[in-house]
Amino acid sequence: MQGYSGFAKRIEFRVVSRPFFLTALLLTSAFVLGQGPSEAPTPAPDASQQQIPTTPGQPKVQVNYLNVCNPSDQETKEIQSALSRLPKQPKFARDFEISRGRSTMAQQANITQAMPAPSEDKDSPVSDWVRIRQEFGALSAFANAQYSFTTDEQGALENLVFRFRDPKELVQVALSDVVTSTKSPKEILATDTPVDRIRLERFGKSSVVLARCPQGDQTKYNYLFDTATSILSTYRTAMNVRTVVPTDMSHLSGPVPVKKPAAKATTEKKAAPAPEKK
């Protein structure tokens, strides 16, 4: 994702959507950039939550504006507390699931549709994805950890989600990073890409998000990003990501076409004409 100024807003649409790399990421995390800290408009007291007018029969869409570059001190403490609760040495149960798939989305998709129909347009964005879910033991405070790797023509997205077993305050914690590269999944996963986004889903409250904003001074948040990056690196190994993802991605791209060997040129010998009888 590109750089942001010191003040930024995030628009969150509380709508369930299919897995999709940058298109889905933009729908759930679209940033409206300000002109700088001194020129950023001051939101109205009730600007944190607004209702978008909808026509009869359509679900209501609630929009939350969040400062993801510089969360408040209280939100920073919540992020630090949530990261400290994540299992640093995962102890998984025997249950697991691995899935892969391909998703398409129309260019003019209606964000109010929970399950939009796949586009039939050949030029529509397409993303391939692989998911790995590992269950924690019954005594763990977490139900499972789910890792996903999604690629499209613009790059790749890694996302690691921890879901709580008893979501009284926190529902889940998500760590993610974006790689704008045309490298293969195997080449991307050969490097521990640092986390650039931390998201807390809270029960009955708006989300708490911290994202990398290169144009702003985020020195005081470096320890949070470093902690999140270390956790993601641990789970890449624990969930065998570097082996599973490239293998399953190769099935999505289809078998490599085998070139038929060029036909060898053959020369035909003409039979010599029989001698004429005199």
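This is a predicted model: local features need pLDDT of at least 70, side-chain atom pairs count only at pLDDT 80 or more; totals for chains, interfaces and linings use all residues.
The largest nonpolar core comprises 39 residues. Within this core, Leu-83, Tyr-147, Phe-162, Leu-175, Ile-198 and Val-245 touch the most other members. The element that gives the most to the core is helix 4, spanning residues 222-238, with 6 residues. Another core lies apart from the largest one and consists of 6 residues, including Val-68, Cys-69, Val-209 and Cys-213. The surroundings of Val-245 were examined with residues up to four places away in sequence left out of the count. On this basis, Val-245 touches Val-130, Ile-132, Tyr-147, Phe-149, Pro-185 and Leu-189.

Strand 6 covers residues 126-136 and is mostly covered, with 8 of its 11 residues buried. This strand pairs with strand 5 (residues 92-104) in an antiparallel arrangement that has 10 bridges. Arg-102 has Asp-128 of strand 6 as its bridge partner. Strand 6 also runs antiparallel to strand 7 (residues 142-152), to which it is joined by 8 bridges. Glu-135 is placed opposite Asn-144 of strand 7.

Gln-134 belongs to strand 6. The relative accessible area of Gln-134 is 13%, and the residue therefore counts as buried, the limit being under 20%. With neighbours within four places in sequence set aside, Gln-134 is in contact with Phe-92, Ala-93, Asp-95, Phe-96, Asn-144, Ala-145 and Met-239.

A total of 6 aromatic pairs is found in the structure. One of them is formed by Phe-136 and Phe-142, whose ring centres are 6.2 Å apart and whose planes make an angle of 55 degrees, a tilted geometry. Both Phe-136 and Phe-142 are buried. Phe-142 also pairs with Phe-162, here edge-to-face, at 6.1 Å centre to centre and with 70 degrees between the planes. Because Phe-142 is located in strand 7 and Phe-162 in strand 8 (residues 155-164), this pair ties together parts of the chain that are 20 residues apart in sequence. Phe-162, like Phe-142, is buried. Phe-162 is also one of the core residues named above as touching the most other members. A contact of another kind involves Arg-131, whose charged end sits over the ring of Trp-129 at 4.2 Å from the ring centre.

Most residues other than glycine have a negative phi. In Asn-240, a residue other than glycine, phi is positive, with a value near 55 degrees. Asn-240 is placed in the loop between helix 4 and helix 5 (241-253). The relative accessibility of Asn-240 is 42%, so the residue counts as partly exposed. Gln-134, by contrast, is buried at 13%.

Note on methods: Residues are numbered from 1 along each chain as its sequence is written. Side-chain values use heavy atoms; hydrogens and water are left out. A nonpolar core is a set of buried Ala, Val, Leu, Ile, Met, Phe, Trp, Tyr and Cys residues joined through side-chain atoms within 4.5 Å. Buried means under 20% relative accessible area, exposed over 50%, partly exposed in between (1.4 Å probe, protein chains only). Helices (H or I, at least four residues) and strands (E, at least two) are DSSP runs, numbered from the N terminus. Contact means heavy atoms within 4.5 Å. Two strands pair if DSSP finds at least two bridges between them. Rings of Phe, Tyr and Trp (its six-membered ring) pair if their centres lie within 6.5 Å; planes under 30 degrees apart count as stacked, over 60 as edge-to-face and the rest as tilted. A charge sits over a ring if NZ of Lys or CZ of Arg is within 6 Å of the ring centre and within 35 degrees of the ring normal.
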